[in-house]
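User: Hi! Could you walk me through a few features of this model?

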Amino acid sequence: MTTLRRTSLTPPAAELGPENPLPPLVKPEAVASVSNVDELPADLAAGLAYGRLGTVLPCRLQDGYSRERAVRELPALVLENDHLRATVLPSLGGRLWSLVHRPTGRELLYRNPVFQPANLALRDAWFAGGVEWNLGSTGHTTLTCAPMFAAEVEGPDGTPVLRLWEWERTRDLPYQLDFWLPDDSAHLFVGVRIRNPHSHDVPVYWWSNTAVPQTASTRVLVPADQAWHYGYSGRLDLVDVPGELTYPARAAAAADYFFEVASERPWIAAVDETGAGLGQASTARLRGRKLFRWGESAGGRHWQEWLAPGAETGYLEIQAGLARTQLEHLRLPPGEAWDWLEAYGPVSADPAAVHGEDWRAATASVTGLPPAGVLEARHRAWQGIADAEPGEPLATGSGWGALETLRMVALLPGTPFPKETLGPEQRPWLDLLDGETPQGDPRVPPPSTLVNRYWAELLDYTTDNWLTWYHRGVARWAAGDRDAAQEAWRASVAAKENAWALRNLAVAATDPGEAARLSLRAFELAPDVRPLLVEALSAQLAAGHAPVSLLPEHPGGRLALLAAHTRLAAGDRAGAKAVFDAGFEIPNIREGETSLSDTWEALSADPLPAAYDFRMK
């Protein structure tokens, strides 16, 4: 019999910490950028050109975490039958944390022994393991470390379905995840629906990322003979699949492989030396499949240790998406909804065939995946309850969906956003809806700015003051009107000098000297806001200065790296080297960032210490 229950997990966990109060006007340099677009098929090139986000506004960065872990409670929801036990984390993006095959006790996913955020997501904080549900834009979703709504719904067969839903703010799209585990099923089914309640097209990106254990013999299988290879070199190249690339442990460097799947039932699996493993299949809309491997370089191994301290094995990811690659976005027309069904469960294969030289025989030997007809029938059955109203809440998400549906007067059957969830973050915008002018103390960081076209228009028609000019600037920047944004921030400073508009002007400045002057003044006005110090130091260095006087007495994290840069800029090579010799960690070092290795190379001819090696290639 299928059951659904609440519980909690108690892993060693780091605190997420506070959000960064400064609006993320510019995304960090993308890890993935394609240099050979002119060589690609027209539809692929068009998908690469469409819909990319220049910023994650209106969201703020989650970069306040550390690497200090203590036993903490994480709320969890467990869906279980005689075959599988699925554990979902509603407070962390609905992550499928664990999927256990009960007859054998085998964990089918890579289950991280800790909760340790690191800087891999669009909003910075991300954690490894399980199955992550990515809606938004190229990268890990803004909701990966955020709460979702959760409740029970009666399934098509009378068994409980676990529904999760939220409002994705960068695209202003509501979506839902329905976890369905029928009584007799050896597969966990996940129904996904994305709805566009707007009168305009919206760029859509979706990838379900599944982490599985990686051993020396793990092989990834998929019904494809070719794949698009991206190896962080800037090129996207079509390569043949059979061969070493399907054995991730044999790879030296990190790489992505986006498979050209030829199947009415797209699927992907990862199996060990015995032919046992996890398979994922879906209905046809979820066409893309991908293998991500960290590689066996020193940097790749260090990344895995960084993300999962204490883990016994490394991991790889098998992924499934709407487009052919993760570098593309698709158009979701106004008023339309897209949905599909995914299936997760154990697979098995003849070891001789699956690890043999015949690629077609290897993929044909995989058993345990539901046939296309079964998936289609399950999909139709699930569609019948997709609009069903959920029962008593099992978890609560944010108030942003309630605000937007109130503004739009939108009805979204099956995914209610209760007015009771409106809180302090939404209050200034509720007041604006009621015709009140935003007010605030310029000594205090302003609330996050809503930037879609409707809120931008309301801001333009409200009364002028330092805060309304500040918000107008952020909204105009998000819309791509950089000149108008800077005009608004200058008006904000003229109305009342404030650190927040000065900081934004510093980010927008094209002259390094001007950026250094503005960022320094912003920090002087709000010296207790650590991100302003990080930006002021960075701007001073970029302008050719050596801001030794700005350094704190005991710099840690990114400030330690900036201290080394500052000492080096001041001609104190020994002082810069001493920072590295003393040892430090940057909790939010970014995927693809080489600042540590580059700085070490400037300081020493010795081999790079392993603790500072985060190179992806």
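Analyst: Gladly! A disulfide is a pair of cysteine sulfur atoms within 2.5 Å. This is a predicted model, in which local features need pLDDT of at least 70 and side-chain atom pairs count only at pLDDT 80 or more, while totals for chains, interfaces and linings use all residues. Residues are numbered from 1 along each chain as its sequence is written, and side-chain values use heavy atoms, leaving out hydrogens and water.

User: How many disulfides does a search of the whole structure find?

Analyst: Take C145: its sulfur is 13 Å from the closest cysteine sulfur, in C59, which is too far for a bond. C145 is also buried (under 20% relative accessible area, with exposed over 50% and partly exposed in between; 1.4 Å probe, protein chains only), at 3%. C59 is buried as well, at 4%. The number of disulfides found in the whole structure is 0.

User: Which helices do the buried residues of α12 pack against?

Analyst: Helix α12 covers residues 512-525. Its buried residues include L518 and F523. With contact meaning heavy atoms within 4.5 Å, they pack against α11 (499-508) and α13 (530-542).

Notes. Helix = DSSP H or I, 4+ residues; strand = E, 2+ residues; numbered from the N terminus. Expected span 1.5 Å × (residues − 1).
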